[in-house]
Amino acid sequence: MSSQSQTPTEIKQAIMEQYLADEAVRSMNRYIQHGTTTTLQHCLSVATVSVAMATRLHLKVNYQSLTIGALLHDFYLYDWHHYDYKCEGALHGFAHPHTACKNAAERFHINEDIQHIIATHMWPLTLRFMPRSKEAMIVCMADKYCSTLETIAGFWHLALKFCRIRRV
């Protein structure tokens with residue numbers, strides 16, 4: 001089946017299956033991203049939300065680039081809780097888009113459009129690296145949306161855990 005006859009959801013699903021077969025992508029499940037959400041879970045959520053946003057808004061986008069960019073936007077492959085910004089020269093929030101982009105380009109030979117999506121997903125924190133495509137802006141917004149929900153869920157999880165501990 002050609003990608004032109006597939007729905008955006010089918011394109012997303014095929015890409016996710018392809019990339020989830022890769023050990024380095026699966027390794028993102030070892031690192032906590034926000035709250036109790038792993039980096040892999042976060043990236044899968046961002047890909048799902050990105051495709052849903054573009055579909056519901058009837059935007060003409062490249063769903064393959066959108067999905068791959070969303071799936072690899074945090075492909076930095078380390079536990080950011082133990083990140084040493086003194087050695088790296090920049091805080092994780094500023095540095096990880098470049099690291100993720102470099103890792104993705106080396107491992108998957110992604111094109112410039114996908115590299116741009118990954119490199120600009122932290123805008124406006126990274127002021128100089130502003131999204132210039134619909135796909136990049138969608139991933140940037142979906143990342144903020146998912147990060148917010150995951151962080152709130154993490155706080156909620158901690159609050160429930162604290163309440164259970166106090167009752168015992």
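1. Of the 168 residues in the protein, 43% are buried. Please keep in mind throughout that this is a predicted model.

2. Next, the overall layout. The secondary structure consists of eight helices and two strands. Reading from the N terminus, the order of elements is α-α-β-β-α-α-α-α-α-α. As for the contacts between residues at least 6 apart in sequence, 61% of them link residues at least 24 apart.

3. Nine of the 10 residues of α4 are buried, so the helix is mostly covered by the cut-off of under 20% relative accessible area. The buried set is Y63, S65, L66, T67, I68, G69, A70, L71 and L72. At the N-terminal end, α4 is capped by N62, which has a side-chain oxygen 3.0 Å from the backbone nitrogen of Q64.

4. What packs against α4? Helix α3 (residues 39–56) does, with the two axes 7 Å apart and an angle of about 150° between them. Because angles over 145 degrees count as roughly antiparallel, α3 is roughly antiparallel to α4. The crossing of this pair is right-handed. On the α3 side the contact involves C43, L44, V46, A47, S50, V51, A54 and T55, and on the α4 side Y63, L66, T67, A70 and L71. By residue type, the contact of α3 with α4 has 10 nonpolar residues, three polar ones and no charged ones.

5. Helix α7 (residues 112–119) also meets α4 (residues 63–72): their axes come within 9 Å and cross at roughly 40°. That angle makes α4 oblique to α7. Here too the handedness is worth noting, as α4 and α7 cross in a right-handed sense. From α4 the contributors are S65, L66, I68, G69, A70 and L72, while α7 supplies I114, I117 and I118. The residues in the contact of α4 with α7 comprise seven nonpolar and two polar, with no charged residue.

6. T67 belongs to helix α4. Is T67 buried or exposed? T67 counts as buried, because its relative accessibility is 0% and the cut-off is under 20%. Setting aside neighbours within four places in sequence, T67 touches K12, I15, A47 and V51.

7. The axes of α1 (residues 8–20) and α3 come within 10 Å, crossing at roughly 160°. At that angle α1 is roughly antiparallel to α3. The crossing of α1 and α3 is right-handed. In this contact P8, T9, K12, M16 and L20 of α1 meet L40, L44, A47, T48, V51 and T55 of α3. The contact of α1 with α3 divides into seven nonpolar residues, three polar and one charged.

8. N103 sits in α6 (residues 92–108). N103 is buried, since its relative accessible area is 16% and the cut-off for buried is under 20%. What lies close to its side chain? A polar atom of the N103 side chain is 2.9 Å from the backbone oxygen of F75. Leaving out neighbours within four places in sequence, the contacts of N103 are F75, Y76 and L77.

9. Finally, please have a look at the loop between the strands. T36 is located between β1 (32–34) and β2 (37–38). T36 and E150 are separated by 114 residues in sequence, yet their C-alpha atoms are 7.5 Å apart in space.

Terms used
Residues numbered from 1 in each chain as written. Predicted model: local features only at pLDDT ≥ 70, side-chain atom pairs only at ≥ 80, totals over all residues. Heavy atoms only, no water. Axes fitted to C-alpha atoms, helices over the stretch in contact; angles between N-to-C directions. Helix = DSSP H or I, 4+ residues; strand = E, 2+ residues; numbered from the N terminus. Parallel < 35°, antiparallel > 145°, perpendicular 65-115°, else oblique. Left-handed = near helix turned anticlockwise from the far one by under 90°. Contact = heavy atoms within 4.5 Å. Nonpolar A, V, L, I, M, F, W, Y, C, P; charged D, E, K, R; others polar. Buried < 20%, exposed > 50% of the residue type's maximum accessible area, 1.4 Å probe, protein only. Polar contact = N/O pair within 3.5 Å; in protein donor to acceptor, adjacent residues only side chain to side chain.
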